Amino acid sequence: MAGFQSNAQLTSWLTQGQVLFLLIHILGVACFAYIVAKRLEPLVRGQRDLRFDRPLVRLGKVLKFWLGQWKHPRYRVAGTLHILIFAGFILLAMRAFTVLIVGVSQNFVMPGLSGRAGPIYNTITDYAATIVFLCMAIAIVRRLVFKPARYAVPVRYGKAHTADAVFLLALIAILMVADSLFAAARAAAESQQGRPLEVLAVFSLPWMLQSALASTSIPILGRLYFSGYLLHEVTFYFLLCYRPFGIQFHVETSLLNVYFARLNRGTLKPVRWGISDEQLDQVKSFGVKTFEDFTWKHMLDFYSCADCGRCSDNCPANAAGRPLSPRFISIKARDYSFEHYPMFGHSGNGKPLVGSKESGAIYSEDEIWSCTTCGACEEECPLLVEYIDKIVDLRRGLIDDGNVPQSLQKPLKALESRGNPYGKMEKKRGDWANTKDFQQICQVKTLDKQNGGDTLYFADSITSYDDRMQSIGRATAKILDHVGEKFGILGAAERDSGHEVRRFGEETLFMALRDHNVDAIKASGVKRIVTADPHAYNALTHDYKDLPPVEHISQVVAREVKSGKIKFNPVEDEKNVYTYHDPCYLGRHNQIYDDPRSVLDAIPGLKRVEMSRSRDRSFCCGGGGLMLFYEPKEDERIGVKRVRMAAEAGANVIVTACPFCMVNLEDAIKVEGLEGKMTAIDLAELVDQQMTRETQAVA
Amino acid sequence: MEILVCARRVPDTSENEIALNSAGNDIERDELVYSINEPDNYAVEEALQIVTRVGGNVTVATVGGEDDEEILRREMAMGANHGVLITDEAFNGSDARGIATILKAFVQKGNYDLILTGVQAENGGAQVGGMLAALLDYPFASLVNSIEVIDGKKLKISREIEGGNKEMSEIDLPCVLSIQTGINEPRYVGMKGIRQVASIPIPTYGATELALDASTVGAAAAKVTRVDYFVPALGKGAEMLEGTREENIEKLLELVAAKGGLK
């Protein structure tokens with residue numbers, strides 16, 4: 001080929017192409033290896049994290065969330081762009097390697113692509129490169145012109161990330177152009193010489209470039225071919241080595257991050273992986289205090305965060321103006337690790353992560369206490385980054401050092417001495433069921449060794465002691481009685497389930513509460529447990545071990561509606577429009593979305609609408625348990641936002657299935673001035689109100 | 001700086017329903033839960049913060065019985081270096097002066113630069129701190145809500161006066177201060193911390209160790225004795241405002257203004 005040589009043979013600047021490209025390969029790979037080794041350093045110093053179990057389940061996750069990009073369509077535009085880019089990258093990966101190798105060994109053909117598959121693969125990748133290029137252009141325009149709100153960086157979290165994002169997008173676009181350019185130059189030259197070897201895909205980027213270069217002279221094409229190749233080579237390795245310094249590192253880490261993701265919903269990580277409860281007394285320090293207290297997987301999460309802002313876009317604390325944005329939990333930690341594990345020089349500083357900015361801390365105490373553990377962030381994250389475990393670990397560290405807001409100290413102390421956050425007497429725990437009036441309607445036994453029963457109704461603290469919530473307890477008892485359940489309560493022997501105690505980081509106190517309850521439950525000899533409190537439900541199912549099966553009352557009712565034991569009278573006021581608010585610990589954390597809805601839909605004449613944020617995108621009420629005692633800095637109550645969403649959906653009755661949701665929603669209705677226009681009711685209360693009683697049935 | 005904090009275990013007012021017993025001479029104690037007297041907890045926190053700044057040790061002492069060890073352990077879990085239980089049957093029934101006498105004897109066994117007490121016990125009369133200072137012939141300041149160590153010989157302290165203003169004073173060491181709540185934000189003591197100090201032995205001091213003349217303390221020496229508890233007769237019920245919301249707001253404002261609540 002006169003005037004047009006393969007790049008490998010080309011001699012320029014006294015260097016043979018082959019040697020030049022080999023040098024670039026070696027340099028690029030060596031740099032990347034060094035950078036990755038440096039990035040691994042904190043992971044090696046991090047805490048244990050046992051994530052090597054259940055490989056098939058993990059592979060399934062990879063297929064669904066990584067290869068299948070499962071979460072992405074939840075954000076239409078960005079999700080579609082990402083799926084196209086991701087698919088493009090996957091398709092182009094082999095082409096990229098082929099291209100790299102061809103620079104050194106001109107006749108290299110990727111195994112499997114030597115026959116007819118070659119041209120087909122080339123056509124596909126021509127289009128893939130084009131699509132990726134277009135996506136980059138669109139993404140840059142989105143970033144610069146449309147500026148979706150979730151990418152904005154609030155002042156307190158530093159400068160905007162736009163420049164970095166656009167720079168990276170542009171680099172990928174350049175890579176696509178470079179790839180297309182040298183393919184186009186080669187094809188143009190071949191076609192001028194009358195022996196076209198490769199037909200470029202019509203309307204693809206290489207094809208368009210080829211058309212543009214159709215009449216260019218062979219020597220210039222040769223130079224373009226070489227420059228395009230060199231640009232591709234340099235951009236490829238620059239990107240490879242630059243990615244570990246920013247959000248694009250997820251290109252490398254995402255596969256691992258998804259593979260090692262948490263498998264069990266509703267659970268919390270132990271204080272230390274591989275350390276039993278009994279050994280905990282020997283553990284000097286609990287929780288995360290310094291960066292190295294994070295587990296290696298949590299550090300990998302920081303590297304994997306793509307800064308897409310979906311977590312914070314869904315975070316109720318962030319929406320209400322609390323000083324918490326899950327996105328920056330990751331970004332700040334990542335920046336911290338980059339700063340303290342530099343490419344050259346001394347690593348780590350071991351200073352506390354939580355505290356004042358002046359002390360070098362990256363998180364404020366308020367930030368860490370602001371989380372309601374609702375799980376909206378985790379539900380949304382396409383990369384399955386975990387937040388709740390980190391927040392809880394950071395809280396464990398704060399608790400361990402005694403840094404607990406004053407407003408939380410009293411309830412915690414009361415939980416220790418009285419087993420409930422209100423400091424009420426233990427002997428009054430079962431009083432809600434023992435009033436004379438109620439005993440005449442429904443007898444509730446107190447279970448112990450002498451008085452057994454089949455089913456335990458675990459009421460938990462708020463339902464037992466709060467005047468308003470006791471109504472949920474009585475409704476639940478009446479439902480269990482109606483369906484003929486032989487049930488009882490633990491009464492004075494019950495303690496707080498400790499669900500929030502644990503999520504607020506007080507593991508030792510939680511263990512004491514749990515052990516007490518497990519003993520009491522086992523002594524009662526019950527065969528199953530029912531609760532109307534999703535927090536208790538989650539604690540009993542995920543935080544406790546070796547208990548009889550646990551059900552939420554909505555599951556019981558849904559089943560008994562099907563069995564025909566529960567029948568409903570039509571609603572009295574057909575003008576009412578109902579909406580169901582998913583409690584976080586029933587919905588997101590335990591996937592119980594349909595049972596409560598099926599119960600509502602079984603009530604004749606009940607008109608139900610969905611809020612725009614429902615099911616796995618449900619918006620937290622503001623948080624339960626100890627969160628009711630915490631006084632966050634916020635612009636607006638989370639619950640108020642939720643009530644407004646119900647109003648927007650056209651509802652005037654909010655049905656929920658959690659006493660804490662009830663506290664927050666009823667308060668919010670008052671704060672929003674909707675008293676008389678909007679009401680909140682618990683599912684159990686509604687069922688109790690609408691149930692057809694036998695006496696009525698007979699009549 | 002060697003700091004002694006005198007603390008006391010009291011029924012926790014936020015976690016008990018205080019009721020008189022049937023005889024009417026004491027409160028019903030069967031189901032009470034106890035904790036450290038809240039102002040004493042602030043005193044311990046303040047002592048710990050001073051020691052963090054200038055070095056030294058914090059000792060927490062209480063006059064009481066075996067049950068009172070619980071609060072010593074809690075304060076040790078908080079960070080106090082030593083807990084001391086001052087206990088003797090001869091001390092039973094002491095009045096405030098008796099307690100101050102016992103504490104004086106204990107203070108003289110050691111070498112303390114600063115002695116802190118809570119401003120008052122939740123079931124007490126705010127007497128012991130002042131009496132202890134008088135018996136020791138130490139300077140005394142009460143209701144202290146900030147402490148600054150000047151040169152190891154003096155403290156700059158403040159107390160809150162009318163209108164939220166602060167009155168600043170200097171006081172020579174050694175001295176006794178009674179500490180007001182709000183001087184700091186006491187750290188949280190979790191169960192883990194308490195478990196970790198559970199096996200540390202707590203030294204006890206009795207009348208013999210303190211070389212106390214038993215006739216100066218205990219019930220026999222008490223010149224103030226409790227004779228009875230009584231429940232005051234219920235006053236008139238609250239005034240209920242009746243009317244529309246706007247009218248009620250207006251009436252309420254009038255009432256508050258009439259009582260000097262609005263200026």
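Thr446(A) touches Gly430(A), Asn451(A), Gly488(A), Ile489(A) and Gly491(A), leaving aside residues up to four places away in sequence; two residues are in contact if their C-beta atoms, placed from the backbone, lie within 7 Å. This is a predicted model, in which local features need pLDDT of at least 70 and side-chain atom pairs count only at pLDDT 80 or more, while totals for chains, interfaces and linings use all residues. Residues are numbered from 1 along each chain as its sequence is written, and chains are lettered from A and ligands numbered from 1 in the order in which they are written.

Thr446(A) belongs to strand β3 (residues 445-446) of chain A. Helices (H or I, at least four residues) and strands (E, at least two) are DSSP runs, numbered from the N terminus. Thr446(A) has 18 C-beta neighbours inside 10 Å and therefore counts as partly exposed. A residue is buried if 20 or more other C-beta atoms lie within 10 Å of its own, exposed if 12 or fewer, and partly exposed in between, with C-beta atoms placed from the backbone. The C-alpha atoms of Thr446(A) and Arg186(A) are separated by 86 Å, the two residues being 260 residues apart along the chain.

Arg48(A) lies in the loop between α1 and α2 (55-67) of chain A. Arg48(A) is exposed, because 12 other C-beta atoms lie within 10 Å. Its contacts, not counting residues up to four places away in sequence, are Trp273(A), Gly274(A) and Thr295(A). Arg48(A) and Thr295(A) are 247 residues apart along the chain, yet their C-alpha atoms are separated by 5.6 Å.

Helix α9 (residues 296-304) of chain A has 8 of its 9 residues buried, so it is largely enclosed by the rest of the structure. The buried residues are Lys297(A), His298(A), Met299(A), Leu300(A), Asp301(A), Phe302(A), Tyr303(A) and Ser304(A). Their cover includes α1 (17-45), α8 (250-259), α12 (326-340) and α15 of chain A.

Two packed helices are described by the angle between their axes and the distance between the axes. Here axes are lines fitted to C-alpha atoms, for helices over the stretch in contact, and angles run from 0 to 180 degrees between N-to-C directions. A crossing is left-handed if the near helix is turned anticlockwise from the far one by less than a right angle, and right-handed if clockwise.

The axes of α8(A) and α9(A) come within 9 Å and cross at roughly 140°. This makes α8(A) oblique to α9(A); angles under 35 degrees count as roughly parallel, over 145 as roughly antiparallel, 65 to 115 as roughly perpendicular and the rest as oblique. The crossing of α8(A) and α9(A) is left-handed. His250(A), Thr253(A), Ser254(A), Leu256(A) and Asn257(A) of α8(A) make the contact with Leu300(A), Asp301(A), Tyr303(A) and Ser304(A) of α9(A).

The axes of α1(A) and α9(A) come within 8 Å and cross at roughly 145°, and this crossing is right-handed. Arg39(A), Pro42(A) and Leu43(A) of α1(A) meet Trp296(A), Met299(A), Leu300(A) and Tyr303(A) of α9(A).

Helix α12(A) has 15 residues that should span 21 Å at 1.5 Å a residue, and its end C-alpha atoms are 21 Å apart, which agrees; the expected span is 1.5 Å times one less than the number of residues. The cover of the buried residues of α12(A) includes α1, α9, α10 (310-314), α14 (376-380) and α15 of chain A.

Chain B has 7 helices and 11 strands. Of its 263 residues, 40% count as buried. The C-alpha atoms of chain B fill a box of roughly 70 × 50 × 40 Å, taken along the principal axes.

| Residue | Phi | Loop in chain B |
|---|---|---|
| Ala211(B) | about 50° | between β11 (204-205) and α6 (218-221) |

Asp137(B) counts as exposed, with 7 C-beta neighbours inside 10 Å, and Ala211(B) counts as exposed with 9. A cis peptide bond joins Leu173(B) and Pro174(B), with omega about -10°.

The contact between the chains takes 23 residues from chain A and 15 residues from chain B. On the side of chain A that touches chain B, α16(A) gives the largest share, 9 residues.
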